[in-house]
Amino acid sequence: MKELTCEDVLMAQMAAADGEENEEQLGAHIAGCANCQHELKQLQTLDHLLAGHAFSESNLDLWPAVEKGIAKRSALSWRPFALIGLLLVVHKLLEMLPAQDLGMMFKLVPLVIVALLFVFIKENPFRINTELVLER
Amino acid sequence: MDDAEAIKRCQQGEREAFRHLVERYQKRAVAHARAILFSRSDAEDAVQESFIDAFKAIGTFDTSRTFYEWFYVLLRNRCYKMTARRRPTESLDEALLLTAQPGMSAETTLGLEKALHSLTCEEREIVCLKYFDGLSYDELATHLQIPRGTVMSRLFNARRRLQRKLSGLREQEV
């Protein structure tokens, strides 16, 4: 069986203090370890200090700003796409003109338009992560 | 109106029903965002934008979860994005995150705030959720999407660093 380190014991002891772990078998180690006794006492003091505080509350009414934001995003939602659609149709029509060689740059125009839209919106407008996944 | 009804109405496009959810959860959300960002104005911006995201994505709401559990993911992702974009030199506001219970001095609270500020966002988040929101280890594991063992070790390491920082601050004062 793996021997418990001071860190293992202290971690388990604090979890036991939180009511999350059973503290049996830890007592023997702590009773014989001055380092653990000292650190445990400090951690318990911290525990007491934290328990004596709460989040400060302030008057807050975010609804007007949220409502405005929702309206703004709703208004924004179709216009860039409509503009992109229009530009792409114009691009396609120009491309279909007979005997026209508009060069490589012309072919890259649709890509540039989409890239600019993403830059304008500052994030991928098609994705909102509602899964329990932390993005980094 | 309860949350389920408000969500149903929002899904039908009734914007006013969303007000119920914003008003019910805004204070809790700002406190959580401040725990990560340590700035009142950034926290309010993050919460505001997350509520807008939530309204936009309400059609995908998973009814097996509570609204706040679902919303917390949006909020957390936005807060971490903001911390990644924030310049290290940017000053943090001085409005207190914490309020002391009777018997605690203002200096103690200020010292605790300074020590909390020195932790990483993840450490500060877990300490705040544990102590100021009263979440159990299992609830922390669900909220933070980490195994229970990681909750235990992350919380322990955060407490240890916090304790050491506080000791350092006390020594500086003497």
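Mentor: Helices are DSSP runs of H or I with at least four residues, numbered from the N terminus. The model discussed here is predicted.

Trainee: Is E123(B) buried or exposed?

Mentor: A residue is buried when its relative accessible area is under 20%. The relative accessibility of E123(B) is 11%, and therefore E123(B) counts as buried.

Trainee: With which residues is E123(B) in contact, leaving aside its neighbours within four places in sequence?

Mentor: Contact requires heavy atoms within 4.5 Å. Once the neighbours within four places in sequence are set aside, the contacts of E123(B) are A158(B) and R161(B).

Trainee: At what angle do helix α2 and helix α6 of chain B pack?

Mentor: Helix α2 of chain B spans residues 15-37, and its axis lies 7 Å from that of α6. On the α2(B) side the contact is made by H32(B), A35(B), I36(B) and L37(B), and on the α6(B) side by C121(B), R124(B), E125(B), C128(B) and L129(B). The packing angle is about 145°.

Trainee: How many nonpolar residues does the contact of α2(B) with α6(B) have?

Mentor: Ala, Leu, Ile and Cys are among the residue types that count as nonpolar, whereas Glu and Arg count as charged. By class, the contact includes one polar and two charged residues, and the number of nonpolar residues is six.

Trainee: Why does G59(B) count as exposed?

Mentor: G59(B) is placed in the loop between α3 (40-56) and α4 (67-85) of chain B. The cut-off for exposed is over 50% relative accessible area. G59(B) counts as exposed because its relative accessibility is 62%.

Trainee: What separates the C-alpha atoms of G59(B) and R159(B)?

Mentor: The C-alpha atoms of chain B fill a box of roughly 60 × 35 × 35 Å along the principal axes. Along the chain, G59(B) and R159(B) are 100 residues apart, and their C-alpha atoms are separated by 40 Å.

Trainee: Which order do the elements of chain B follow from the N terminus on?

Mentor: Chain B contains eight helices and one strand. Read from the N terminus, the order is α-α-α-α-β-α-α-α-α.

Trainee: How far apart do the centres of the positive and negative side chains of chain B lie?

Mentor: Lys and Arg count as positive, Asp and Glu as negative. Chain B has 28 positive and 26 negative side chains, and the centres of these two sets are separated by 4 Å.

Definitions and conventions
Residues numbered from 1 in each chain as written. Chains lettered and ligands numbered in written order. Predicted model: local features only at pLDDT ≥ 70, side-chain atom pairs only at ≥ 80, totals over all residues. Heavy atoms only, no water. Axes fitted to C-alpha atoms, helices over the stretch in contact; angles between N-to-C directions. Helix = DSSP H or I, 4+ residues; strand = E, 2+ residues; numbered from the N terminus. Charge placed at Lys NZ, Arg CZ, Asp CG, Glu CD. Buried < 20%, exposed > 50% of the residue type's maximum accessible area, 1.4 Å probe, protein only.
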